[in-house]
Amino acid sequence: MTRRSVFASGAALTLGVGTIAFLSSLVRRRDQHRCYACQREIHSSVKVVADLPVGTATFCCLACAISEQQQIHRQIRFLSVADFVSGRMVEPESAIYLAGSEVNMCHQAHQQPSAEHQPMPEAFDRCSPSILAFTNREAADTMRRQHGGEVLVFNQLRVRFSG
Ligand SMILES: [Zn+2]
């Protein structure tokens, strides 16, 4: 047992379950490879960085970040989104979005569950519907023709998913 985990378990015993939740939320927030909200692995093609009341957080995808927004009942300010084609992080307002297509990176990752990554239930999924960001309108249109969905600009996306 490391000194840190000895300290952690000591603190948890002293202060109770709330402390465990608090400590694990601190650890979660620092892991840049996992989504702040759902712990899914972050794909560079759909990554989102947002400003939350608790600080800057990285999400696995826009749908997940919007689910978080609905859960905390306040608008999240998106700082940057990944261009689906290049993985480059760009300003949210400058991107074109494809919502509701059949391409969902978070789901694809879940088709091969391992012992540590159990599949999520089908009924509700915070990463659905899929929302992809593009810097190139043609790329978004091509993806829509091949995989369905609807092309939206940032403000349309905001209005659509604000409720
Ligand atoms: Zn997520």
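Which strands does helix α5 (residues 137-147) lie across? Helix α5 lies across β5, β6 and β7 and runs at about 10° to β5. The views below come from a predicted model, in which local features need pLDDT of at least 70 and side-chain atom pairs count only at pLDDT 80 or more, while totals for chains, interfaces and linings use all residues. Residue numbers start from 1 along each chain as its sequence is written.

**View 1. Overview of the protein chain.** The protein chain holds six helices and seven strands; helices (H or I, at least four residues) and strands (E, at least two) are DSSP runs, numbered from the N terminus. Read from the N terminus, the order of elements is α-α-β-β-α-β-β-β-α-β-α-β-α. Of the 163 residues, 27% are buried. A residue counts as buried if 20 or more other C-beta atoms lie within 10 Å of its own, as exposed if 12 or fewer do, and as partly exposed in between, with C-beta atoms placed from the backbone. Among contacts between residues at least 6 apart in sequence, 66% join residues at least 24 apart; two residues are in contact if their C-beta atoms, placed from the backbone, lie within 7 Å.

View 2. An open sheet is formed by three strands in the order β6-β5-β7, with antiparallel pairing; strands pair if DSSP finds at least two bridges between them. β6 and β7 (150-153) are the edge strands, each pairing on one side only. Neighbouring strands of this sheet are turned by 30° against each other on average, direction ignored. Axes are lines fitted to C-alpha atoms, for helices over the stretch in contact, and angles run from 0 to 180 degrees between N-to-C directions. β5 and β6 are joined by four bridges, and Ala99 has Ile131 in β6 as its bridge partner.

**View 3. The pairings of β3.** Four bridges pair β1 with β3 in the antiparallel sense, and Ala50 stands opposite Phe78 in β3. β3 also pairs with strand β4 (residues 89-90), again antiparallel, over two bridges. Met89 in β4 is the bridge partner of Ala82. The hairpin of β3 and β4 has six residues between the strands, and there Gly87 takes a positive phi near 80°.

**View 4. The largest nonpolar core.** This core has 33 residues, of which Phe59, Cys60, Cys61, Leu62, Cys64, Tyr97 and Ala133 touch the most other members. A nonpolar core is a set of buried Ala, Val, Leu, Ile, Met, Phe, Trp, Tyr and Cys residues joined through C-beta atoms within 7 Å. Elements giving two or more residues to the core include β1 (48-52), α3 (62-72) and β3 (77-82). The largest share, five residues, comes from α3.

**View 5. Helix α3 and its surroundings.** The buried residues of α3 include Leu62, Cys64, Ile66 and Glu68. The buried part of this helix packs against β1, β2 (55-59), β3 and β6. Beyond four places in sequence, Cys64 is in contact with Cys35, Ala37, Cys38, Phe59, Arg126 and Cys127. Just after α3, His73 takes a positive phi of about 55°.

**View 6. Leu52 in strand β1.** Leu52 lies in strand β1. Why is Leu52 classed as partly exposed? Leu52 is partly exposed because 18 other C-beta atoms lie within 10 Å. Not counting residues up to four places away in sequence, Leu52 touches Ala57 and Ile76. Leu52 and Gln69, 17 residues apart in sequence, are 9.1 Å apart in space, C-alpha to C-alpha.
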